[in-house]
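Subject: Structure handover

Hello,

Here is the structure I promised to pass on. Please open it, then read my notes below.

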Amino acid sequence: MGGSSSQVTGYRYFTNLLLFIGNPIEKMLGINFDKRGWLSPFVDENSNALAQGVINSPSLFGENEGGVAGVVHVQYGTDNQDVLPFYKDYMESIGLRASAYPYQSYLAFTGLGSVKLDGLAGGVFNTLMPYNNAFYVGNSGYMKEMLLWPKRTRIRNDGRRQWYEVRGDGAVVCEIGSRQIISNTTQSKIHNAIFTYKTGVTTGNNEVNYSVVRNEQSLEFEQSRVAISMGGATTSINDEEEKIKVGYKLDFSPISKIKIIIETSRIGSESVTIIGNILSYEKKIKSRNELTYEYVIEAGHFEFIFTVSAFNSVSAFIEYVTIESYPFGYIANNEYPDINPIHKIREILTDDTAMNKPESSVNDDNFIKAADQIFDEGLGVSWSITEKSCIDAINELCYHIEAGIRVNRQTGLYEMVLFRDDWFEEDEIHTIAESKIKKGSMQYEITNADEVINQVNVNYYDRKNIKNSSFSISESGLIQTLGRVNAETVDFPYFMNMRNAEIVANWKLKILSTGVLKGSFTTGWREARKWNRYDLIRLPWSKRWTGTILVRIMSIKLGGPTSNEVSIEWVEVVPSTGMMNTTIVADDPIEKPLPPQPIHYEPFEMPYYLAVMALGQRQVEDELAYESNFGLVGVVAERPQSNSLYAVMMTNNYDEWVRAGSIQYSETADSDQFISRTATSFTVKNWKKIANFPVGTLIQCGKEWLTGYFEWMVFQGIDPETGVMSVKRGALDTQPQDWDFDLKLYFCGTDVAYDATEYVAGEKVLVSALTTTPSGVLELKGSHSVEMKARAIRPYPPANVKINDVYFPETLIVTNNIVLTWVHRNRAQQTGGVILGWYDGDVTVEDGVTYSYELVCENVILDSRSNISANTVTILASVLKPNKPHKLKLWSVRDGYESYQKFEHSFFIESVSLLLTATALKDKVTGNTVPVANISVSIDESLKANMKFDGSSISGKAPAGATITIEVDE
């Protein structure tokens, strides 16, 4: 058997290398080669790799430049990390000792031989075999630029866990973006929590007196847990139908977990009634006297009613009820995690590679308050710093969140101040009498008096699109007032999304567009020496304004040893809340080239005609003479995107994937109606794409690889006004089929991509079509399997088959013979000229071709025959079964090979129907009948026609002169 030849078209380059990241990291989220998309192929520290832990993108950079393939190991920089085995072996081979590089995170790029490939399917493993010894870096001889996405939000720079990681409601405060906030409230409330129990005492005459105890209160979570006990209630119940109930009702907004613990005395039975949206439920029996019910419930109304009944003459006693509710206020969303900037600021203060301040120098309560608020606002940041002063880094982070950092002069501790309206409590705002301000020291001016800023141009980093991006926010009213735009630029390089940049930019614009006062004054008042930077003062100055204005201390200077004077610079506070008339103008989205998209394609074994078109008739005949089971695999594909010129055909005969060829896309159209087997014209949806195709173009339709149900058609033209397309049906070695709506028609002609490898009958070939674009090749993830059946050697099936001179009749009469006729087709002759359809006329029969048929009813062969050389045959009526479905098969045979498809048609055999007509006179009935039917009618002039049939005779009554029509089914 022959095969495809190969030639050297270039070289692949391989290498093993270590790539250092730096200090410890928590996790590696992704790696992006040449901005071709994020991959997460990392292997754990035990060198175990699953299928997803292997890079398998050998065409990532394009078909000519190759791609990447192999394994990426991650070392997180722990103090006890081991030396990677492959690196240790290499260093020892050259006489050196390998280091584990503790406290250093790095990546190791290797071949597959360095890992245990758990979970890899055989086909995938074989595909990666060429990359076993080293990491494949492409065909250019150098490693492409890559982007790394390390994550370090829950650990500090030295590898320790964050100082404040998870708060009481389950939120991971140090990591913003890991959870999406459902409710902005840090505390949840249960309203109308009602606990009731009934005590019943039986009195005379079986009457029961009840007392109801109800406790209604509004509960507030503390430490995210509520525990409420209800005093005991005892009753002697003589009637076992009497019960004690405990009810629990609440309304809430977030998803919550409710845990209800009930302690009772020995009881006879218990029941629970639940009203609400229950997501999950679990009942636990700790002991005979204690039951626990746990529910996870959606927002809305929830009612829990617990009922117990005692044994006869035995007391039932509910001693204690505990209800614990945990609000699930956050939903996991780990796609884009950021660090809380408060945590980063604290790390810069205390890390020994930065400012190295002691942990005790930080006001933890204050930093926790700030971290909680920033988390609730969602203002996470990400960055990668190579060289920057600590002070500059802290100031930039504060600028991103509208905050300031200070050392409290009373405590000596570092504190954060968020410039928000509610940061300071009312009793924390300072006041000063005007008389305390040194005469002549008050200085002030209006900011932006001449040049009010009415627009800010915002720069930030768009992580999703891997680029710097920008937008502008304008104060529309001020633009109209000023008559022009007066803009200022603000930079947020550590914000990774427009949402965060937009929130803070609105605050900045409000400050810049408001004409506020700023100034300074001096006071000798001793209390002022206790004030701190960023504190708020209610400042009076009757010469300029009435009452007081709220100002923020921007700097404070104390006098010398002999002076009590305090100099303060201040600025009027602009509320952070409140509406502005703003307009946002964002950059137009960049039309990035669409990466390779999934593709519609149909693989099949090539019929004789297309094999001849590909190789030539002489070569095909030579191949068939050498191996009669010879066959080729072809494929047609639809263009998935405009920037793809062709697709790559990949094949695998369950050994290894190989590039079989290039696929030139076929134009396609989709049917807009049901297509019967006899239809030669039908409407298509997108007909304009195929309007200019030449008559005679071959059309492939159907999924041979999936259902075996397929057909070749031949294009005959299209009506430009109606979109009705005309075709020939059942061309080459196929039969007409019934097709439903949305059949995809591939206008491929004879230019069909194929695998030059010669396969034989019985082999199964996996076929995949990979979209190519200037930016890369679609990753190989799925395939279709084609089973070879020696299609090229098989004779064409009979065509234009008629049954009693009718195409595909639904019913036939049991008394009639079946006359079957057809026309010849010639596989060897039909390789030139016009392609014939199934309904076309006769041709010369191929040498050695005979025909066979088979008639089946209820899985029993009623009649069959083979070695028929003519193109007609008669099936006698005597073999038919009345009132039964039948199936007829007809096919051609040559040299032991049956046609690739067979004519098959099912029909119903009906009994004979006879009409019997009788005329009723006054004294008799006359008419036509059959020997097995007897008509006996008694005439009664007073009755209308009333005929009855008892199985062997017909009798009845009718008025004189009536005409009686009788139908008998035999």
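In which loop does Arg420 lie? Arg420 lies in the loop between β28 (414-418) and β29 (430-431). Helices (H or I, at least four residues) and strands (E, at least two) are DSSP runs, numbered from the N terminus.

Before going on, two notes on the source. This is a predicted model, in which local features need pLDDT of at least 70 and side-chain atom pairs count only at pLDDT 80 or more, while totals for chains, interfaces and linings use all residues. Residues are numbered from 1 along each chain as its sequence is written, and side-chain values use heavy atoms, with hydrogens and water left out.

Back to Arg420. At 7% relative accessibility, Arg420 counts as buried. Buried means under 20% relative accessible area, exposed means over 50%, and partly exposed is in between (1.4 Å probe, protein chains only). Contact means heavy atoms within 4.5 Å. Leaving aside neighbours within four places in sequence, the contacts of Arg420 include Gln373, Glu377, Glu402, Trp507 and Ser576.

Glu402 sits in the loop between α5 (390-401) and β27 (403-407). Its phi is positive, about 55°, although Glu402 is not a glycine. Glu402 counts as buried, at 10% relative accessibility.

Asn800 is another case. Asn800 is not a glycine, yet it has a positive phi of about 50°. Asn800 is found in strand β53 (residues 799-803). With 12% relative accessibility, Asn800 counts as buried.

**The whole protein**

The protein has 10 helices and 67 strands. Of its 970 residues, 46% are buried. Among contacts with a separation of 6 or more, 70% are between residues 24 or more positions apart. The protein exposes about 47800 Å², and carbon and sulfur atoms supply 47% of that. Accessible areas come from the Shrake-Rupley method with a 1.4 Å probe; for residues, only the protein chains shown count as cover.

**Cores**

A nonpolar core is a set of buried Ala, Val, Leu, Ile, Met, Phe, Trp, Tyr and Cys residues joined through side-chain atoms within 4.5 Å. In soluble globular proteins, nonpolar side chains tend to be buried together. The largest nonpolar core here has 51 residues. Those with the most contacts inside it are Ile345, Phe367, Ile405, Met416 and Phe492. Helix α7 (residues 498-512) gives the largest share of this core, six residues.

What does Phe367 touch beyond its neighbours within four places in sequence? The contacts of Phe367 include Trp163, Ile342, Ile345, Ile405, Tyr414 and Met416. Arg346 and Glu415 are also in contact with Phe367.

**Rings and charges**

Rings of Phe, Tyr and Trp (its six-membered ring) pair if their centres lie within 6.5 Å; planes under 30 degrees apart count as stacked, over 60 as edge-to-face and the rest as tilted. By this rule there are 29 aromatic pairs. Ring pairs link Tyr807, Phe808, Trp838, Tyr839 and Phe903 into a cluster.

A charge sits over a ring if NZ of Lys or CZ of Arg is within 6 Å of the ring centre and within 35 degrees of the ring normal. The charged end of Lys144 sits over the ring of Phe61, 5.2 Å from its centre. Arg827 lies over the face of Tyr608, at 4.3 Å from the ring centre.

**Helices α8 and α9**

Tyr608 is one of the buried residues of α8, with Tyr609, Leu610, Ala611 and Val612. These buried residues pack against β39 (601-605), α9, β40 (631-637), β45 (698-703) and β46 (709-718). Gly616 follows α8, and its phi is positive, near 95°.

In helix α9 (residues 617-626), Val620, Glu623 and Leu624 are buried. Seen down the axis of α9, the buried residues fall within an arc of 100°, so they line one face of the helix. The arc is that of the directions from the helix axis to the C-beta atoms. On the other side of α9, Arg618, Ala625 and Tyr626 are exposed. The cover over the buried residues of α9 includes α8 (608-615) and β49 (753-759).

Best wishes
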